[in-house]
Amino acid sequence: MKVHARPWAMVVTIGLLLCVTLSGFAYAALGDRLLGRGSKGSEVTELQKKLVQLGYVVGKVDGKFGSKTEAAIRRFQKEHGLRVDGLAGTQTIKEVKRLTGQSTNASGKAVGYKNTDTNLLARAVNAEARGEPYVGQVAVAAVILNRIADPAFPKTIADIIYQPRAFSSVDDGQINLPPSASAIRAAQEAMNGSDPSGGAVFFFNPAKTSNKYIWSRPQIKQIGNHMFTK
Amino acid sequence: MRRKFWIGALAVAFLISLGWGWNQYRVAGEHRLAAENNNRRALTDFASHLDQLETDMAKGNVASTPAQRILYLSQVSSKSDAALKDFAQIPAQQTGLSYVGQFLTQSGDFARTLAQRIAGGGTISAEEEKILRDMHERLMPVNQQVQDLIVRLDTEQLVWTDPAPKLRQRLGLGTQVAEAAADGSEAPAKSVRSGLDQLDASLQKLPPFTYSGEYSTRVVEKPLGLPTGDVTREQSLEKARDFLNKMGYSDAAPEFGGESQGALGGYIWKSKDSYLEVSRQGGVITLYRNQREIEPRTLSTEEASKKAKAVLQTLGWQLVITSSEEFGAYVQFDAVVEKDGVRIYPDKVRLMIALDNGQLVGLDSSPYYAFHHTRTFPSKITMDQAVRKLRPNFQVLESRLAVIAKSGNQEVYCYEFRGRYQGEEYLVYLNAATGSEEKIQRIIKTPRGEFLK
């Protein structure tokens, strides 16, 4: 019989299996095991936190791999060119970990996330342009950055976003909603120099705005529901 | 019996709601006070920074040694930054272009430009001395008026939000007092904001300053790289269709999506998941985006880079890829012109390659068309001479000639050195003609690729 032929293999296999399962219980770290619908524990919490950080809605961060977490994993996989199966396996977890990792300098020393501004910018994009086409979201982020380059506006992202009456989403609190993945991507892209707005410093929804000042600005183009102006 | 019970229940309910209302009123009052304190802090800080700015400008005008001038000019620039920050926190009824802000930004910018020049051993021309004096002249009345607002805040009970709102407003039915006042319709002199608006209007009437610095000019008014001759809407449709066909969308039937204005203005076309902009002048694709669903990746970044090169060739561009950024399902590449061994960074085209099949899903060629032109290169120092200008122990990994963009829409012809110093990696740019340092960028490795800061 095979088992008798190679008893050491059996021992090693059982030993390994025991090691893996036991370490899974004792020191559950993200990436040690496959997570899927129904998984529970601190690794799931860690995974959920990282998904939120990347802009994927998981509902409550509770350490339970439910339908919302599965949907988030599916969307993450779809948007990152991975096989869409709703399971957090080695590849998916590796990608999640990589994208939420800190930046490093040339010799590998961690220097922080380097994205505090991008995060606020992404929140503004999310609050102002949710439901707009992606190009329109990049354009909204670009408007905020164009203001920095314009002498007539404040000089930091926070100063511009929180300037009194500058953005309605600040007045109604929507700015504090966690940004979506596409808002984060749009903010990153605009920070990297893309400007589909054509140098705009204002944008508004023509169907909802009667403000004379904003209508008087020279219009550049309309993307989705937003008119972008000088 | 029943009636008594109901009266009792109503009385209890009334008392509870009264208590609740009172508590809410108290909490709201606390928030109002916190806001009031913040506003006062911003305005007082604004006035105080303006005052220091004015004093430093005066001192900067008279200082005779370069070291003293640098000191005061640097203080002018930092005080103007601080004043601008305070100014942006004062309550407003709407945000528009602000001439107070512009004046502060430009005086700080001008002072910084001059300080940098003196620090590099340069001098200030008589004309620039005059601009500096003019800025000071213009600042004095601004300073006075803001201080006057502070005095009136106390003596005339000037408001931004009413400290004792009327019942109607307390119930949230009316508009905020400061808003109504700033509208200009209701007692215009009664609010801080209307005072600042008047100041803004008075600055708007004055001529702009002419100098060269980061904030002196804003955008390229005329694109330099667009082909000549205008195209019609029909011709632009043809260009859009042709482009989509080349990119592998053979059944594309673009629909008109409006016109765009401005320097690179033209026609917008939409087709299924695609969004395209074709310029009116020259009829070239300035922006293209495809939002199709991207399947699981089959390509690595290196393979995508090859695809990007092929796309560039198909579209007739002669460019080199300089950087990449990974966005998961697609990779973004930046490609620039390289002419006679000189990398021309302003002439940039950005491409996005889908990692499922290598198709182009994004193109932004607006920087290229805005800046591309035939450049003539001035005489330069040799590479050896340039290397000697670098810091000792700076370990050079790569070097080349390059044209980089400088603030204020200027360009500089440079030697680019990529190298290491004490565990950090940098890009150092030395002016190719003089060898002076033009720009330093630190290289950070982010999860999505290299990032220059």
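1. Into which domains is chain A divided? Chain A has domain 1 (2–99) and domain 2 (116–229); such bounds are taken from an automatic or database domain assignment.

2. This is a predicted model, in which local features need pLDDT of at least 70, side-chain atom pairs count only at pLDDT 80 or more, and totals for chains, interfaces and linings use all residues. Residues are numbered from 1 along each chain as its sequence is written, while chains are lettered from A and ligands numbered from 1 in the order in which they are written.

3. On confidence, the model has an ipTM of 0.82 and a pTM of 0.82. The average pLDDT of chain B is 85, with 91% of the residues scoring at least 70; pLDDT is the predictor's confidence in each residue, from 0 to 100. Residues 174–188 of chain B have a pLDDT below 50, and this stretch makes 31 contacts in the model beyond near neighbours in sequence. A contact here is a pair of residues whose C-beta atoms, placed from the backbone, lie within 7 Å.

4. Between the domains of chain A, five residues of domain 1 are in contact with six residues of domain 2. The side of domain 1 of chain A that touches domain 2 of chain A comprises three nonpolar residues, one polar and one charged. Nonpolar covers Ala, Val, Leu, Ile, Met, Phe, Trp, Tyr, Cys and Pro; charged covers Asp, Glu, Lys and Arg; the others, Gly among them, are polar.

5. Chain A has an open, antiparallel sheet of three strands in the order 1-3-2. Helices (H or I, at least four residues) and strands (E, at least two) are DSSP runs, numbered from the N terminus, and two strands pair if DSSP finds at least two bridges between them. Strand 1 (202–204) and strand 2 (219–223) of chain A each have a single partner strand, so one side of each lacks a neighbour in the sheet. Strand 2 and strand 3 (residues 226–229) of chain A pair over four bridges in the antiparallel sense, and A:Ile223 stands opposite A:His226 in strand 3 of chain A.

6. Helix 7 (residues 134–149) of chain A lies across strand 1, strand 2 and strand 3 of chain A, at about 35° to strand 3 of chain A. Axes are lines fitted to C-alpha atoms, for helices over the stretch in contact, and angles run from 0 to 180 degrees between N-to-C directions.

7. Between the chains, 44 residues of chain A are in contact with 51 residues of chain B. Helix 5 (90–99), helix 7 and strand 2 of chain A each give two or more residues to the side of chain A that touches chain B. Strand 2 of chain A gives the most, with four residues. By class, the side of chain A that touches chain B has 18 nonpolar, 15 polar and eleven charged residues.

Terms used:
Two residues are in contact if their C-beta atoms, placed from the backbone, lie within 7 Å.
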